[in-house]
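Subject: A structure for you to look through

Hi there,

Here is the structure I promised to hand over, with my notes on what turned up in it.

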Amino acid sequence: MSDTQTLIENRPPSVAGLFLERVAATPDAEAYRYPVPAASGQGPDEWKSLSWAQAAERVYAIAAGLIELGVEPEQRVALASATRLEWILADLGIMCAGAATTTVYPQTNADESAFILSDSESRILIAEDAAQLAKAVEKRADLPALTHVIVIDPAGVDTGEDWILTLDELEKRGAARLEKDAELIKERVGAITRDQLATLIYTSGTTGRPKGVRLPHDNWSYMAKAIAATGLISAEDVQYLWLPLAHVFGKVLTSGQIEVGHVTAVDGRVDKIIENLPVVRPTYMAAVPRIFEKVYNGVATRARAGGGAKYKIFQWASEVAREYAKEAQDTFRRTGTASASFGLTAKHKVADALVYAKIREAFGGNLRAAVSGSAALAPEIGYFFSGVGIHILEGYGLTESSAASFVNPGEAYRTGTVGKPLPGTEVRIADDGEILLRGPGIMEGYHGLPEKTAEVLEADGWFHTGDIGELSPDGYLRITDRKKDLIKTSGGKYIAPAEVEGQFKAVCPYVSNILVHGADRNFCTALIALDEPSILDWAKENGLADKSYADVVAAPATVELIDGYVKQLNAGLQRWQTIKKFRLLPRDLDVEHGEITPSLKLKRPVVEREYKHLIDEMYAGAREA
């Protein structure tokens, strides 16, 4: 048995157990950094730190406080908060109490929040602030199992009622309990079994109610050991964590960190990413493709605003970056060393001084690698960043597989693939191209839905992902599309819309979201939402200053601009894939309208329903085969 197999096979039953081991091994090492607003209310945030021992003191107090409130093993404690230090501490506290975390996105409305709390039978809700508390208060009559709400940020909250406590009060109760029973947490963690429920994550369904995915403690313990076994992270790393921790992709990053013991700087405010990166100077971070698209589009837009010469330099540097990345990856595949021809290397050096170095500095200057997941990254954007020196390692997984089933292997990464399976995970491709997975990361099933579980999980452990993919001879996986999202035109041709959409994002610096439509039609159309800051900057330079976003996207000049990019896209597509008509949307797609998930994935049925009139308009008068 290899060292890797031994490491994974001999894993402890839970991440709670791993946390106790980490605290014992490196109590004084820095564990977390978190921002605190400046005392004056003006100027940049101040970043503070917690050591592993200091984090443990709070985690154990939270765990003991929950036990003091009567929480039993496997009972659910819901957590409705944005990504922040307290989310991690609370989640670890819940696990150390032997209970299970029900994750709730802070953007979730009162009705759906109440459904999740009710379906999960959550006993306690840990709410971020007054807004999250208000949802529980509004629906309290429908939540008979809910006994207490713990509020992290009590500003504006009336804590006079005995069923509402602050997190600080909970920790004080827990600390008092631990003074009387010092071994309480060690005993609770020691009693946790592999198959005991740790996390209940509700998937963002595109239709109907979300399903609760049951992830036992062993899933997270396996993930922690498997991530460590890849060698992609080390104890010297600094991770910048901003992803939603209610999402499985964000949550899995906390497991790997505990096993390896590196520093994590945590701040879920998306609008602070650009400001935080030069301060945190991370060595690695994880993100969804939309973030890399926004950075790329922002750089391209600024270059265009700088005048024709500056934009030409950017376009040249972009092409050099892509060529260099493709050549370097190809030579690495053949020889084990990344290199490029003398002429291309010389051009790359010039482009680095003019363009690439500034982009790397914007990411903090220390970024060794970035992990991209949750949706497909357009290969042309991946090659661009690779050539710039920001190595994006695409990965793949689902809520049902504890997030990380595949990841690209460090230097041997291949843009356009999601890499190789994590140690201990098996993969096979079904006859219809569907990706099937089996291993310790696969869910126990859907909460209270045995029929739905049986539809995707075979008796022998193979999980049907619903994604279509291809495996290379040496084990790299390429995702081609969601099985249910494949378009079949009325002419019988199959089209992967995500592939076309990704290519458009690589050619058009103004796009925010795009949906390609064409199922049972004789040609493809697209609904396009533009990035508001980028297109308004363009508008200022093109006679549309002071116009609203809706007015700008309705302007003939804007339609003509985007039409040019659509023509550029079509030039590289097969005839049946080309976009014959498009419409610009009057606003961007967003989470609040239910058009994208909190992890920024497109909800196709919702968008197609919302903008059915525009789709019908594009096909009006067209002869359907």
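Let's begin with a definition: a residue is buried if its relative accessible area is under 20%, exposed if it is over 50%, and partly exposed in between, using a 1.4 Å probe and protein chains only. This is a predicted model, in which local features need pLDDT of at least 70 and side-chain atom pairs count only at pLDDT 80 or more, while totals for chains, interfaces and linings use all residues. Residues are numbered from 1 along each chain as its sequence is written, and side-chain values use heavy atoms, with hydrogens and water left out.

**Some loops**

Helices (H or I, at least four residues) and strands (E, at least two) are DSSP runs, numbered from the N terminus. Thr 26 sits in the loop that links helix H2 (15-25) with strand S1 (30-36). Is Thr 26 buried, exposed or partly exposed? Thr 26 counts as partly exposed because its relative accessibility is 26%. From C-alpha to C-alpha, Thr 26 is 8.1 Å from Ala 53, although 27 residues separate the two in sequence.

Asn 10 belongs to the loop between helix H1 (3-9) and H2. With 57% relative accessibility, Asn 10 counts as exposed.

Most residues other than glycine have a negative phi. Glu 121, which is not a glycine, has a positive phi of about 55°. You will find Glu 121 in the loop between helix H5 (110-120) and S5, and it is partly exposed, at 49% relative accessible area. Arg 281 also has a positive phi, near 50°. Arg 281 lies in the loop between helix H11 (273-280) and strand S12 (284-287) and is partly exposed at 33% relative accessibility.

**The strands**

Two strands pair if DSSP finds at least two bridges between them. Tyr 32 stands opposite Thr 264 of S11.

Elsewhere, strand S5 (residues 124-127) runs parallel to S6, and 4 bridges join them. Leu 125 has Val 149 in S6 as its bridge partner. In a regular strand the side chains alternate between the two faces of the sheet. Along strand S6 (residues 148-151), His 148 and Ile 150 point one way, Val 149 and Val 151 point the other way, and all are buried.

**The nonpolar core**

A nonpolar core is a set of buried Ala, Val, Leu, Ile, Met, Phe, Trp, Tyr and Cys residues joined through side-chain atoms within 4.5 Å. The largest one has 162 residues, and the members that touch the most others are Phe 19, Phe 385, Ile 528 and Ile 562. Helix H3 (residues 52-68) is the top contributor to this core, giving 10 residues. Another core of 19 residues lies apart from it, and includes Ala 78 and Ile 116.

**Aromatic rings and cysteines**

Rings of Phe, Tyr and Trp (its six-membered ring) pair if their centres lie within 6.5 Å; planes under 30 degrees apart count as stacked, over 60 as edge-to-face and the rest as tilted. How many aromatic pairs does a search of the whole structure find? The search finds 14 aromatic pairs. One of them is edge-to-face, made by Phe 19 and Tyr 60, at 6.2 Å centre to centre and 80° between the planes. Phe 19 lies in helix H2 and Tyr 60 in helix H3, so this pair ties together parts 41 residues apart in sequence. Phe 19 is buried, because its relative accessibility is 0%.

Finally, a disulfide is a pair of cysteine sulfur atoms within 2.5 Å, and the whole structure has 0 of them. For Cys 508, the nearest cysteine sulfur is that of Cys 524, 18 Å away. Cys 508 is buried, at 0% relative accessibility.

Happy exploring!
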